[in-house]
Amino acid sequence: MRRSHVAWLIPCLLLVSGCGDDGGEGGFGGLGGIGGERTTGAIVYVTNSGSNSVSGYTVTPATGGLAAIAGSPFPDVPTPSAIAVSPNGLFAYVANSQANKVTAFRVGTNGSLLFGDSSAGNPNPVSVGTTPRALAISSNSQFLYVANSGSDDVTVFKIGTAGGLTLVPQAEGRSKPVGAGVSSPIALAVTPNGRFLYVATSTSSMVTVFQVDASGVLTLVPPAGPGTNPISSGGTGLTALALSPNGQFLYVTNGASNNVTMFRVETSGLLTLIPPAGSNPVSTGGTTPNGLAVGADGAHLYIANGGGSVSAFAIGSSGLLTLVPAAGASPNPVPALTGSTPVALAVSPDGLFLYVANRATSVSGGTISAYTIVSGTGALVPVTQLLGNPFRAENTPSAVATLGPPS
């Protein structure tokens with residue numbers, strides 16, 4: 001997720017029909033209207049694929065503790081597999097993996113999710129390809145990208161002023177094929193300047209780069225010199241992507257080979273493996289890595305290991321990763337609670353906390369583990385259990401996203 005979010009003051013007639021009706025037609029019980037500045041601080045959202053819902057929490061700035069937003073969990077969200085929040089802080093989008101759709105929500109003043117407007121000409125949810133698994137939004141909040149793992153393509157939408165989605169036709173048809181010889185797109189990342197989109201494919205273990213034009217049309221970047229496109233990650237079973245905040249480095253988790261690959265982003269958008277090749281990719285220190293996030297400072301990277309831990313890495317000036325040294329009460333990797341399977345993670349926009357969504361067998365439903373990020377070292381220290389950490393989620397969490405406070 002992007003690190004900075006702005007809640008813009010927009011006339012409510014642009015956002016809801018019937019100014020003064022907080023919920024709007026199709027909203028969740030009229031909770032948390034919009035049309036003014038959001039009154040809450042930072043927010044954490046977790047999709048629960050097993051209970052068809054999204055949980056929302058406000059963050060206590062001093063401690064990192066979570067408190068459920070009124071009306072949470074927000075129901076009737078079929079099989080949510082991914083969530084993305086627009087950098088302007090106004091909208092959230094959820095991929096519905098079994099329904100092959102994406103649902104648009106408005107973010108209420110209290111952080112609640114309000115079902116977006118729907119009409120015959122602009123339906124909500126909107127259809128995408130088969131089995132959508134990942135979402136990404138451009139930094140200017142203009143475009144939404146959807147990775148469809150079942151149909152091997154990417155769908156692009158223009159985001160309207162009220163959050164509605166309009167399909168951007170691609171040259172090859174409704175959606176853009178990932179590319180010849182690659183399949184099962186599983187993760188997306190868009191550069192901070194919005195010029196390039198990266199697509200990781202799980203079956204073929206490749207990363208494809210597309211150039212994005214001003215209208216949202218994708219074009220495969222042609223290979224040049226030693227740069228190939230798509231490019232192999234050097235690992236197997238790709239699961240997640242993350243770009244450094246400056247857009248210079250791209251990181252890819254390889255779930256089947258328990259490592260992470262480091263790429264340098266060239267000015268052309270093409271990717272180059274960061275040398276030395278003998279230590280790239282590098283072990284995550286855990287097993288089955290399935291999620292990653294770069295810290296707000298751009299100096300640290302965090303990986304969720306489905307085998308039961310979270311790893312912290314320092315990012316060198318060249319983009320190379322090194323495990324943060326364990327020290328005292330800060331082991332690395334940090335073991336997850338017994339019976340917990342980390343599936344996704346996100347850093348708070350202020351860079352102070354890390355939130356990890358877990359599938360839990362020891363309790364009914366899932367959990368969110370909260371960690372304080374130690375300034376300077378990037379080490380992880382669990383938030384005190386006295387605040388309720390780990391915090392309760394619904395069944396089978398699948399994704400997590402953070403949203404910064406209004407500014």
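Q: As what does Asp117 count, in terms of relative accessibility?

A: At 37% relative accessibility, Asp117 counts as partly exposed, a class that lies between buried (under 20% relative accessible area) and exposed (over 50%), with a 1.4 Å probe and protein chains only. The model is predicted, so local features need pLDDT of at least 70 and side-chain atom pairs pLDDT 80 or more, while totals for chains, interfaces and linings use all residues. Residues are numbered from 1 along each chain as its sequence is written, and side-chain values use heavy atoms, without hydrogens and water.

Q: With which residue does Asp117 form a salt bridge?

A: A salt bridge is a side-chain nitrogen of Lys or Arg within 4 Å of a carboxyl oxygen of Asp or Glu. In this model the partner of Asp117 is Arg106, and the closest N and O atoms of the two are 3.4 Å apart. Arg106 belongs to strand E6 (residues 101-107), whereas Asp117 sits in the loop between strand E7 (113-115) and strand E8 (126-127), so the pair ties together parts that are 11 residues apart in sequence.

Q: In what order do the four strands of the open sheet lie?

A: Strands of a sheet pair through backbone hydrogen bonds, either parallel or antiparallel. In this open sheet the order is E3-E2-E1-E34, and the pairing is antiparallel; strands are DSSP runs of E with at least two residues, numbered from the N terminus, and two strands pair if DSSP finds at least two bridges between them. Strand E3 (66-68) and strand E34 (397-403) are the edge strands, each of which pairs on one side only.

Q: Over how many bridges do E2 and E3 pair?

A: Strand E2, which covers residues 53-59, pairs with E3 in the antiparallel sense over three bridges. To locate this pairing in the structure, one can look at Val59, which stands opposite Leu66 in E3.
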